[in-house]
Amino acid sequence: MKLSQFNFNLTKDKIASEPPRWRDECRLMVLHKKTGEIEHKLFKDIIQYFGKDDTFVLNDTKVFPARLYGNKEKTGADIEVFLLRELNKEQRLWDVIVDPARKIRIGNKLYFGEDESLVAEVIDNTTSRGRTLRFLFDGSYEEFKQALFALGETPILPWVKEKVTPEDRENFQTIFAKHEGAVSAPAAGLHFSRELFNRMILKDINKTFITVHMGLGHFRKVDVEDLSKHKMDSERLIISQESADLINKTKRSGHQVLAVGATVMRGLETYVTTNDEVNAYDGWTNKFIFPPYRFAIPTAIVSNFHLPCSTMLMSVAAFGGYEAVMHAYNVALEEGYKFGPYGDALLIL
């Protein structure tokens with residue numbers, strides 16, 4: 001597959017800048033991959049396609065306020081720092097992207113907050129993603145994290161909305177978010193409400209959680225035409241033994257395993273046994289799924305509508321079939337479906 005095969009015209013008005021009023025009432029397109037049939041539903045109708053002893057696998061990562069605004073020492077120049085991941089808890093080291101990067105050098109100090117109460121020093125310029133900062137803070141680790149996150153902004157990317165609001169802190173977080181570490185929300189999980197979870201219980205549909213700390217790798221531009229040469233950024237992946245056992249039991253008994261989102265698809269397919277069972281795991285994954293690909297674990301997936309040439313679109317097309325998924329995307333454009341993390345969803349059965 002080539003990069004250009006995943007290109008299509010997506011105008012700004014097709015990207016949702018706000019979530020639906022109720023989480024589970026966004027639109028849901030249902031694609032039956034064997035027949036190519038397409039149905040138009042609401043997200044809360046998703047459980048119509050599942051029953052007793054089926055299992056939904058969700059990503060319980062938690063988004064942290066990763067965008068900071070500050071100033072460079074001496075010049076006072078405005079800078080934006082995007083926190084990617086914590087490198088060392090004791091030394092307060094963080095892997096970050098700094099904008100504008102060309103003005104930042106090793107040894108520069110950066111100041112954050114109106115009173116410049118938080119200070120960081122650039123100690124490394126060599127990481128593939130940008131810079132390493134050491135935050136200079138005398139208090140406890142808990143006090144440091146509280147100060148850091150109090151100054152941070154919800155890391156919604158500018159192509160979704162340019163001005164982030166206080167409401168986004170809740171809206172851009174799943175109701176089951178638990179383990180802090182993501183810089184973007186697992187979008188398909190945003191549509192699940194407590195009411196929908198209760199209806200799943202009534203139908204005896206299982207749910208289990210894995211953790212994939214979503215980074216910016218999914219949104220990074222693919223700059224090679226030959227997809228086999230694209231390298232994904234690594235993300236932290238945790239699958240407990242309990243979750244692995246439930247997923248494997250579901251598969252062995254002939255029931256459905258629904259992967260909720262591209263991150264879950266990636267996580268489930270990272271470490272698979274020779275007899276197509278998922279392994280418990282705590283480590284990193286840089287798995288890149290694109291067509292053609294044989295899935296071992298999920299029997300169904302649900303994912304939001306993604307941007308042209310995005311790795312998430314490629315993963316969805318690998319599951320649903322390239323022709324069928326690109327046709328579904330054309331239908332979505334014609335029917336006014338909304339794209340992006342606050343947009344509508346596609347269920348593939």
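Here are some notes on the fold, the cores and the charge pairs of this predicted model.

1. Ground rules. The model is predicted, so local features need pLDDT of at least 70 and side-chain atom pairs count only at pLDDT 80 or more, while totals for chains, interfaces and linings use all residues. Residues are numbered from 1 along each chain as its sequence is written, and side-chain values use heavy atoms, with hydrogens and water left out.

2. Strands here are DSSP E runs of at least two residues, helices are H or I runs of at least four, and both are numbered from the N terminus; two strands pair if DSSP finds at least two bridges between them. As one example of the pairing, β9 (residues 118–124) and β10 (residues 131–136) run antiparallel over 5 bridges, and D124 has T132 in β10 as its bridge partner.

3. Axes are lines fitted to C-alpha atoms, for helices over the stretch in contact, with angles from 0 to 180 degrees between N-to-C directions; contact means heavy atoms within 4.5 Å.

4. Helix α7. The geometry checks out: 14 residues (322–335) at 1.5 Å a residue should span 20 Å, and the end C-alpha atoms are 20 Å apart. The expected span is 1.5 Å times one less than the number of residues. V325, M326, A328, Y329, V331, A332 and L333 of α7 are buried, where buried means under 20% relative accessible area, exposed over 50% and partly exposed in between (1.4 Å probe, protein chains only). These buried residues pack against β1 (27–31), β2 (38–42), β16 (300–304), α6 (311–320) and β17 (345–348). After α7 comes G336, with a positive phi near 80°.

5. The largest nonpolar core has 48 residues, with L268 and L346 making the most contacts inside it. Its largest share, 7 residues, comes from α7. A core in this sense is a set of buried Ala, Val, Leu, Ile, Met, Phe, Trp, Tyr and Cys residues joined through side-chain atoms within 4.5 Å. Beyond its neighbours within four places in sequence, L268 touches V57, I210, I247, A259, V278, I297 and P298. Another core lies apart, with 26 residues, among them I79, L84, L148 and V183.

6. R67 and its two partners. The whole structure has 12 salt bridges, each a side-chain nitrogen of Lys or Arg within 4 Å of a carboxyl oxygen of Asp or Glu. R67 meets E80 at 3.2 Å, N to O; R67 is in β5 (residues 67–72) and E80 in β6 (residues 78–88), 13 residues apart. R67 also forms a salt bridge with E153, at 3.3 Å between the closest N and O atoms. E153 is in the loop between α1 (141–151) and α2 (168–171), 86 residues from R67. R67 is buried at 5% relative accessible area, whereas E80 is partly exposed at 25% and E153 partly exposed at 22%.

7. Other charge pairs. R236 and D282 meet at 2.5 Å, N to O, linking β13 (residues 235–239) to β15 (residues 281–285) across 46 residues. R236 is partly exposed at 29%, and D282 is exposed at 52%. Separately, E18, K161 and D168 are linked in a network of salt bridges.
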